[in-house]
Amino acid sequence: MAPTVGDYLLERLREWDVEHIFGYPGDGINGIVAALGRADDRPRFVQARHEEMAAFAATGYAKFSGKPGVCLATSGPGAIHLLNGLYDAKLDHVPVVAIVGQTARS
């Protein structure tokens with residue numbers, strides 16, 4: 001099977017030494033979630049119960065591990081729910097990457 005954009009995205013995250021992605025799946029990020037299924041737990045996907053919790057988990061991970069935290073959410077309200085955790089990361093000057101989806105359109 002040919003590599004997808006999600007596969008290339010995960011390859012870049014591995015180059016950045018990302019070991020965990022905290023997220024909540026949704027339609028706008030199905031391609032990335034499918035790529036995570038093929039990635040053999042590199043990086044490991046940790047599913048949160050809410051997007052906000054995923055952002056806080058990524059921030060806490062970055063604070064205590066010294067590595068970049070990564071959070072993942074779908075488009076629209078899912079992306080907005082990441083903001084509280086991302087603002088916490090900003091205030092403490094820790095590296096957190098937010099990956100959000102976009103619904104398909106023609």
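The end C-alpha atoms of residues 4-105 lie 18 Å apart, and the span is 48% helix and 18% strand. The model is a predicted one. In UniProt, an unreviewed entry lists residues 4-105 as "domain: Thiamine pyrophosphate enzyme N-terminal TPP-binding".

**Sheet**

- Four strands form an open sheet in the order S2-S1-S3-S4, and their pairing is parallel.
- Strand S2 (44-47) and strand S4 (96-100) are at the edges with a single partner strand each, so one side of each has no neighbour in the sheet.
- On average, neighbouring strands of this sheet are turned by 25° against each other, direction ignored.
- Strands of a sheet pair through backbone hydrogen bonds, in either a parallel or an antiparallel way.

**Pairing of S1 and S3**

- Strand S1 (residues 20-23) and strand S3 (residues 69-73) run parallel and are joined by two bridges.
- Opposite Phe22 stands Cys71 in S3.

**Pro68**

- The loop between helix H3 (51-65) and S3 contains Pro68.
- Pro68 has a relative accessible area of 23%; buried would require under 20% and exposed over 50%, so Pro68 counts as partly exposed.
- Leaving aside residues up to four places away in sequence, Pro68 touches Trp16, Val18, Tyr61, Ala62 and Pro95.
- From C-alpha to C-alpha, Pro68 and Thr4 are 23 Å apart in space, and they are 64 residues apart in sequence.

Note on methods:
Residues are numbered from 1 along each chain as its sequence is written. This is a predicted model: local features need pLDDT of at least 70, side-chain atom pairs count only at pLDDT 80 or more; totals for chains, interfaces and linings use all residues. Side-chain values use heavy atoms; hydrogens and water are left out. Two strands pair if DSSP finds at least two bridges between them. Axes are lines fitted to C-alpha atoms, for helices over the stretch in contact, and angles run from 0 to 180 degrees between N-to-C directions. UniProt positions are given in the numbering used here, feature names are shortened, and annotations may be inferred rather than shown by experiment. Buried means under 20% relative accessible area, exposed over 50%, partly exposed in between (1.4 Å probe, protein chains only). Contact means heavy atoms within 4.5 Å.
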